[in-house]
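Welcome! Keep the picture open beside you as you read.

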Amino acid sequence: MSNSYRNVRPEIYQFNLGKFRITNILDGYFHREDMHPFTATNASAPEIEKIAKQHFLPFPKLEHNFVPTLIETSNALIAFDPGFGKRAPGPSAGWYNRLLEKTGYSPEQVTHVVISHGHPDHIANLTTDGTPTFKNAEIIISRTEFEFWSGDSPIPDFRGPTRKMFQEVVVPLADRCRFVEPDALLVNGITALNAFGHSAGHMAFHVESEGAELMLLSDTIAHFAVSLANLEWQFSMDDNPEMAITTRKRLVEMAASKNAPVIAFHMPFPSVGYIEKTSSGFKWLPATYQMNI
Ligand SMILES: [Zn+2]
């Protein structure tokens, strides 16, 4: 790994949505050399190379960002998928706790931690050295997701460490958890959306304040260019690729029809944009200044 993680880059981004304050934090990134097949297992390498060229991306190199969201409402501070924490596999990730301090929020102020799903980049920071990182927070997770990883249903070999981490990190916190179903109201203005497929009980979220809307797509889309170019392409990290495609079509259509901003955990920082419907598919339009004007 190069030392490029020392480069100065934007790491925190804030904007208001109605009366809510939204903060995106760059927990970090991985650099990979396998844009194909990582982003689309059932596409050909030349197909992905073509998409990369269209977006001026250095195929087959890839930067995969990790972007947790915090939402401050009138009476709650909700941390969605608060990153790797101390369990980060290298220095280019695990920045969340350091950057949270910079925002002016403290871990003790967090009232709810919402877990979209049980993969390591989304759960690892729930504890630090064996104690809860967010001491006063209720943890919200889909019941389906919790039952899947805490049980012994069959998983591919590469998900063994995922289950092990889930059982180490999340299961001991079960008495702090609120288990929810899709469409549950999490706090006023924030509703869970069924996004099953990326994992067994994966959730996305709809946020609304004073009529202003936002969708958090979690891992429904994994790469800003590839995932939206062809909704039939399968992401290598999807646990149930067929179900993930059905979900992606439904939620991408919903996001495009709303004219509302979208955040998704692995979009390039600051991970805020719009999904535009084009004649051939969909397109990610990164937000510029419209959120802060
Ligand atoms: Zn992820």
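R87 has 30% relative accessibility, so it counts as partly exposed: the cut-offs are under 20% for buried and over 50% for exposed. Please keep in mind that the model shown here is predicted. R87 is found in the loop between β6 (77–80) and α3 (96–103), and the points below move on from there.

- Leaving aside neighbours within four places in sequence, R87 is in contact with A124, T127, M165 and V169.
- The C-alpha atoms of R87 and V180 are separated by 26 Å, and the two residues are 93 apart along the chain.
- T103 is found in helix α3.
- T103 has 18% relative accessibility and therefore counts as buried, because the limit for that label is under 20%.
- When residues up to four places away in sequence are not counted, T103 touches I12, T23 and I25.

**Helix α6: one side in, one side out**

**Helix α5: a similar question**

- Helix α5 spans residues 143–150, and E145, F146, F148 and W149 are buried in it.
- These residues cover an arc of only 165° around the axis, which puts them on the same side of α5.
- The buried residues of α5 pack against β10 (138–142), α6 (160–169) and β11 (177–180).

**Backbone details to look for**

- As background, most residues other than glycine have a negative phi, and most peptide bonds are trans.
- The peptide bond from H36 to P37 is cis, with omega near 10°, and P37 lies in helix α1 (residues 35–38).
- A cis peptide bond also leads from F59 to P60, with omega near 5°. You can find P60 in the loop between α2 (45–54) and β4 (62–66).
- The loop between α2 and β4 also holds F56. F56 is not a glycine, yet its phi is positive, at about 55°.
- Is F56 buried or exposed? With a relative accessible area of 80%, F56 is exposed.
- D129 has a positive phi too, of about 50°, although it is not a glycine.
- The place of D129 is in the loop between β8 and β9 (131–132), and at 63% relative accessibility D129 counts as exposed.

**Y274 and its surroundings**

- Y274 lies in strand β17, which covers residues 272–277.
- Leaving aside neighbours within four places in sequence, Y274 is in contact with several residues, including N259, A260 and P261 as well as K283, W284 and L285.
- How far apart are the C-alpha atoms of Y274 and K164? They are separated by 36 Å, with the two residues 110 apart along the chain.

**The chain as a whole**

- There are eight helices and 18 strands in the chain.
- A compact globule of 293 residues would have a radius of gyration near 19 Å; the chain has 18 Å, which agrees.
- Along the principal axes, the C-alpha atoms fill a box of roughly 50 × 50 × 40 Å.
- Of the 293 residues in the chain, 53% are buried.
- Among contacts between residues at least 6 apart in sequence, 68% join residues at least 24 apart.
- The chain exposes about 12800 Å², and carbon and sulfur atoms supply 53% of that area.
- The chain has 25 positive and 32 negative charges, and their mean positions are 4 Å apart.

Notes: Residues are numbered from 1 along each chain as its sequence is written. This is a predicted model: local features need pLDDT of at least 70, side-chain atom pairs count only at pLDDT 80 or more; totals for chains, interfaces and linings use all residues. Side-chain values use heavy atoms; hydrogens and water are left out. Buried means under 20% relative accessible area, exposed over 50%, partly exposed in between (1.4 Å probe, protein chains only). Helices (H or I, at least four residues) and strands (E, at least two) are DSSP runs, numbered from the N terminus. The arc is that of the directions from the helix axis to the C-beta atoms. Contact means heavy atoms within 4.5 Å. The radius of gyration is taken over C-alpha atoms; the globule rule is 2.2 Å times the number of residues to the power 0.38. Accessible areas come from the Shrake-Rupley method with a 1.4 Å probe; for residues, only the protein chains shown count as cover. Lys and Arg count as positive and Asp and Glu as negative; His and the chain ends are not counted. The place of a charge is taken as NZ of Lys, CZ of Arg, CG of Asp or CD of Glu.
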